[in-house]
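Please read these comments with the sequence and the model open side by side. They are set out as numbered points, and each can be checked on its own.

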Protein chains: 2
Amino acid sequence: MTRVSKRDQIVEAADDLFYRQGFDTTSFADIAGAVRISRGNFYHHFKTKNDILDSVIAARLANTRAMLADWQVRGDSPAARIGAFIDILLTNRDKIERHGCPVGTLATELAKLNHGAQADAAAIFTLFRTWLRRQFDQMGQGARADDLALHLLARSQGIATMMTAYRDPDFLRRERDALHDWLDGLAPPPTHR
Amino acid sequence: MTRVSKRDQIVEAADDLFYRQGFDTTSFADIAGAVRISRGNFYHHFKTKNDILDSVIAARLANTRAMLADWQVRGDSPAARIGAFIDILLTNRDKIERHGCPVGTLATELAKLNHGAQADAAAIFTLFRTWLRRQFDQMGQGARADDLALHLLARSQGIATMMTAYRDPDFLRRERDALHDWLDGLAPPPTHR
DNA sequence: GCAAAACTAGGACAATTGCCCTAGTGACTC
DNA sequence: GAGTCACTAGGGCAATTGTCCTAGTTTTGC
């Protein structure tokens, strides 16, 4: 009957709630209510709150991997693929304005909580980092590729934070354009054409 | 006897705890324990948790104003003053790596909580924004001054977030240098010398 | 068609939450 | 020296927290 297993439903609901409200703020009751399960029933699926967090992070890792693989196939040049990364800020504008970047805000919250899963959360960043590094490498940036990847990640995170604080569409457009200009300026001058 | 009033002690302790643990995670008991006061006694000073938050934000606004005024006096050129802003990332490196930027993380957390004081938290950003805008204006950037101020704020926020995720001193150094280069590149080519 | 496994509801648990009240202390003013 | 004030401790409030148990009901595999 259930197309998706109850466990996956719980993880999905927890993922959403952790993003919208934060990990610590979200209670068992919140998640149970979201999937219409009694609170006691919860224990059957997850022993502790940290178990849920682990599963949510694992799900985010899997989803991110899938998204990056998709971008890898769709974009027909490394620069175009990096462009797709930059444009998530536009695509998810509404959510980011209200709840920040899901990757950055989770990493920061877990750091504040001094939570053991902090390293796992940072691994989501590393997924993007490695993927971006490969694109920059294919653009011929060689040794600089990883630095550029980290730089772009930082730029995106900063834009996301300021989007949350100000919700200014002009700012977002300017910064997006600046990132694309930066990206274009990186490529060695084309010899053809 | 008390050099600082108990109320100010509470605000100071709450400020620190809100930064290190987050607002929602910090309880009355935490703050009361930090200033060695009984939990019940707390009510005499602050009626609600939001009252404390308001006072903490007010204190942060005042402290930020004082810091900016200090930078204004000490730096002998607008570029030097902006340089001082950039270098807080180095100065506060340890704290930022563990708890993020106090301004950005509070704004983001309040956004997630859908908290009424979110605008007040953003006002701390505006303090920096206005101050930076004035510096860029004095550098002759005119109409671009506010855009540059926001851009620099975003860059700093992004660096702070990645510092928290990775704690990589090389990354921090590279990004700091890049910001200084960016700043130097902004100035119209000097005619004297 | 039966036994094991998956799932469910309902409630209990000790602890903690934000909030509130009362009764008291000491210092200050007139 | 009476009265006001800032401050304090201790406790109580209902609600919620994460965790856990028991006792049922489905679903599944053989």
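1. The coordinates are a predicted model, and local features are reported where pLDDT is at least 70. Side-chain atom pairs are counted only at pLDDT 80 or more.

2. Overall make-up of chain A. Chain A has 11 helices and 0 strands, so that its pattern along the sequence is written α-α-α-α-α-α-α-α-α-α-α. Along the principal axes, its C-alpha atoms fill a box of roughly 65 × 35 × 35 Å.

3. Burial and surface of chain A. Of its 193 residues, 49% count as buried. The chain exposes about 9,500 Å², with carbon and sulfur atoms supplying 50% of that area. Take the contacts between residues at least 6 apart in sequence: 68% of them join residues at least 24 apart.

4. Relation of the two copies. How is chain A laid on chain B? A turn of 180 degrees with a shift of 0.0 Å along the axis does it, at an RMSD of 0.0 Å. The two copies are therefore related as by a two-fold rotation axis. In chain A, the C-alpha nearest that axis belongs to A:Gly158, at 1.8 Å. Both copies use the same surface, since 100% of the contact residues of chain A recur in chain B.

5. A helix pair across the two chains. Helix 10 of chain A packs against helix 11 (residues 169-186) of chain B at about 75 degrees, and their axes are 11 Å apart. An angle from 65 to 115 degrees counts as roughly perpendicular, and these two helices are therefore described that way. From helix 10 of chain A come A:Asp147, A:Leu150, A:His151 and A:Ala154; they meet B:Phe171, B:Arg174 and B:Glu175 of helix 11 of chain B. Sorted by class, this contact has 3 nonpolar, 1 polar and 3 charged residues.

6. A residue in helix 10 of chain A. Is A:Ala149 buried or exposed? Its relative accessibility is 0%, so A:Ala149 counts as buried. The residue lies in helix 10 (residues 145-166) of chain A. Neighbours within four places in sequence aside, A:Ala149 is in contact with A:Arg129, A:Leu132, A:Arg133 and A:Phe136. A:Asp137 is 12 residues from A:Ala149 in sequence, with 9.8 Å between their C-alpha atoms.

7. Helix 8 of chain A. This helix (residues 102-112) is largely enclosed by the rest of the structure, because 10 of its 11 residues are buried. Just after the helix, A:Asn114 has a positive phi of about 55 degrees.

8. A helix pair within chain B. Helix 1 (residues 6-21) and helix 4 (residues 49-74) of chain B have axes that come within 9 Å and cross at roughly 85 degrees. That makes helix 1 of chain B roughly perpendicular to helix 4 of chain B. Helix 1 of chain B contributes B:Arg7, B:Val11, B:Ala14, B:Asp15, B:Phe18 and B:Tyr19 to the contact, and helix 4 of chain B contributes B:Ile52, B:Leu53, B:Ser55, B:Val56, B:Ala59 and B:Arg60. By class, this contact has 8 nonpolar, 1 polar and 3 charged residues.

Key:
Residues are numbered from 1 along each chain as its sequence is written. Chains are lettered from A and ligands numbered from 1 in the order in which they are written. Side-chain values use heavy atoms; hydrogens and water are left out. Axes are lines fitted to C-alpha atoms, for helices over the stretch in contact, and angles run from 0 to 180 degrees between N-to-C directions. Helices (H or I, at least four residues) and strands (E, at least two) are DSSP runs, numbered from the N terminus. Angles under 35 degrees count as roughly parallel, over 145 as roughly antiparallel, 65 to 115 as roughly perpendicular and the rest as oblique. Contact means heavy atoms within 4.5 Å. Ala, Val, Leu, Ile, Met, Phe, Trp, Tyr, Cys and Pro count as nonpolar, Asp, Glu, Lys and Arg as charged, and the others, Gly among them, as polar. Copies are superposed by least squares on the C-alpha atoms of residues with pLDDT of at least 70 in both. Buried means under 20% relative accessible area, exposed over 50%, partly exposed in between (1.4 Å probe, protein chains only). Accessible areas come from the Shrake-Rupley method with a 1.4 Å probe; for residues, only the protein chains shown count as cover.
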